[in-house]
Amino acid sequence: MNYQQQAEKVLMKTYNRFPIVLDHGDGVYLYDVDDKKYLDFGSGIAVFALGYNQKEYNQALKDQMDKLIHTSNLYYNVPAIEAGTKIVESTGLDKVFFTNSGTEAIEGAIKLARKYAYEKDPTKEYELIAMEHGFHGRSQGALSVTGTKKYREGMIPKGISAVFATFNDLEDVKNKINEKTCAIITEVVQGEGGIYPAKQEFLTGLRELCDEHDILLIFDEIQCGMGRCGAMYAHELYGAKPDVMTLAKALGCGVPVGAFVASEKCSHTLVPGDHGTTYGGNPLATCAVSKVYDLFEKLNIVDHVKEVGTYLGEKLDVLTQKYDMIKEHRGLGLIHGLELMEQVKAQDVIQKALEHGLIILSAGNNTLRFVPPLIIEQHHIDEMISVLEQCLRS
Ligand SMILES: *Cc1c(COP(=O)(O)O)cnc(C)c1O
């Protein structure tokens, strides 16, 4: 039995996996067990921002492993304090709660928002407003605010579902606010939904609406944050600040870790006993977070993303002009989508690219998604475009 057959025998069939078995990585390249090389424009779904086998990052984790991996949250540990400090300083928000995944960061943010409203008036029932085609994770709470119906259907009781508004339609959100609304949650750039950046007036409008009604604004920056859009956090490009922000994916660059970060207005809402996690904020995960922030600074990641992101954007624009099968190009920084015409299936292009040693992802409705490691260089982009063109032509 080969690896693939063994995997299908023992791993629950919740994914249609591509038929390659990955073994190791270096920089922006991955290698499978047969040593075939792949240029990676997926980063393990926008996770490996610093690329594979980053020596300093690996060494920090090895050192921490020899010291202490886990303590529980009953005690303090130095890496969590250091990582928390770096997040607070870089976000300008007030307090952090570490989780083990993006989904759990969303869960925490939802609980905080409900409690914030409940403290003002415990006699009411509360609901959130979320966006159509938004994605926030797979637990029941995270699904309750996830806009894609097929993810929710049959999975959660109807009663806990949020009210959904049209992304980038401020009037629609305004019309859906009522006395039960406790928070509005949105991605700044919709990732899974197909790479749709928010409009400037939408985000600033949401901020005003939330201030007006004293409800919380939650930005999910799990995919679009951590430098991906050419700013440390995507909302910085819009000048609209959240009350709560969620982070994960590139936050630990490979080690499973997430966080929700709250502003002063609501950072004291959750009190001892309200929320917890055994692993969350453990020294190994937070050592990774801490090192990620150090390396972002040392390697000037955000400036680099601005530069190469512009280049990638231009190249994808050229492709869009050149090929009728490409319907639209959307994106910014190093998160881009090419929506294809119906007659070409994104999955077929991705499969073909894989055969040619290029990893790209899909998103939303027949859209190719490009989320390379943030350390990518222009020549990697040229290499990707040339392979992609071969695939589109054939
Ligand atoms: C991936 C993602 C999540 C879920 O994160 P997990 O770590 O998979 O639980 C939530 N929100 C957004 C925007 C995401 O891209």
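Below is a chat about a predicted model, covering its ligand, a sheet and some salt bridges.

Biologist: Let's start with the ligand. Which residues surround the ligand?

Modeller: The ones around it are Ser101, Gly102, Thr103, Phe135, His136, Gly137, Glu187, Asp220, Ile222, Gln223 and Lys249. That shell splits into 2 nonpolar, 6 polar and 3 charged residues.

Biologist: Okay, and what lies 2.5 Å from an oxygen atom of the ligand?

Modeller: That's a polar side-chain atom of Thr103. Gly102 uses its backbone instead, with an N or O atom 2.8 Å from a ligand oxygen. Phe135 also has a backbone N or O atom by the ligand, 3.3 Å from a nitrogen.

Biologist: How much of the ligand's accessible area does the protein cover?

Modeller: On its own the ligand has 380 Å², and the protein covers 82% of that.

Biologist: Switching to the open sheet of 4 strands: what's the order?

Modeller: It goes 1-2-3-15, and the pairing is mixed. Strand 1 (22-26) and strand 15 (358-359) sit at the edges, each pairing on one side only.

Biologist: How do strand 1 and strand 2 run, parallel or antiparallel?

Modeller: Antiparallel, with 4 bridges joining strand 1 to strand 2, residues 29-32. As one example, His24 has Tyr31 in strand 2 as its bridge partner.

Biologist: New topic. How many salt bridges does the structure hold?

Modeller: There are 23. One of them pairs Asp294 with Lys86, where the closest N and O atoms are 2.9 Å apart. Asp294 is in helix 10 and Lys86 in helix 4, so this pair ties together parts 208 residues apart in sequence.

Biologist: Where do Glu339 and Lys327 lie?

Modeller: Their side chains form a salt bridge at 3.4 Å, N to O. Glu339 is in strand 14 and Lys327 in strand 13, so the bridge ties parts 12 residues apart in sequence. Glu339 counts as buried at 10% relative accessibility, but Lys327 counts as exposed at 52%.

Biologist: Last one: which residues are linked in a network of salt bridges?

Modeller: Lys120, Arg207, Asp211, Asp214, Asp243 and Lys265.

Definitions and conventions: Residues numbered from 1 in each chain as written. Predicted model: local features only at pLDDT ≥ 70, side-chain atom pairs only at ≥ 80, totals over all residues. Heavy atoms only, no water. Near = heavy atom within 4 Å. Polar contact = N/O pair within 3.5 Å; in protein donor to acceptor, adjacent residues only side chain to side chain. Areas by Shrake-Rupley, 256 points an atom, 1.4 Å probe, with all protein chains shown as cover. Nonpolar A, V, L, I, M, F, W, Y, C, P; charged D, E, K, R; others polar. Pairing = 2+ DSSP bridges. Helix = DSSP H or I, 4+ residues; strand = E, 2+ residues; numbered from the N terminus. Salt bridge = Lys/Arg side-chain N within 4 Å of Asp/Glu carboxyl O. Buried < 20%, exposed > 50% of the residue type's maximum accessible area, 1.4 Å probe, protein only.
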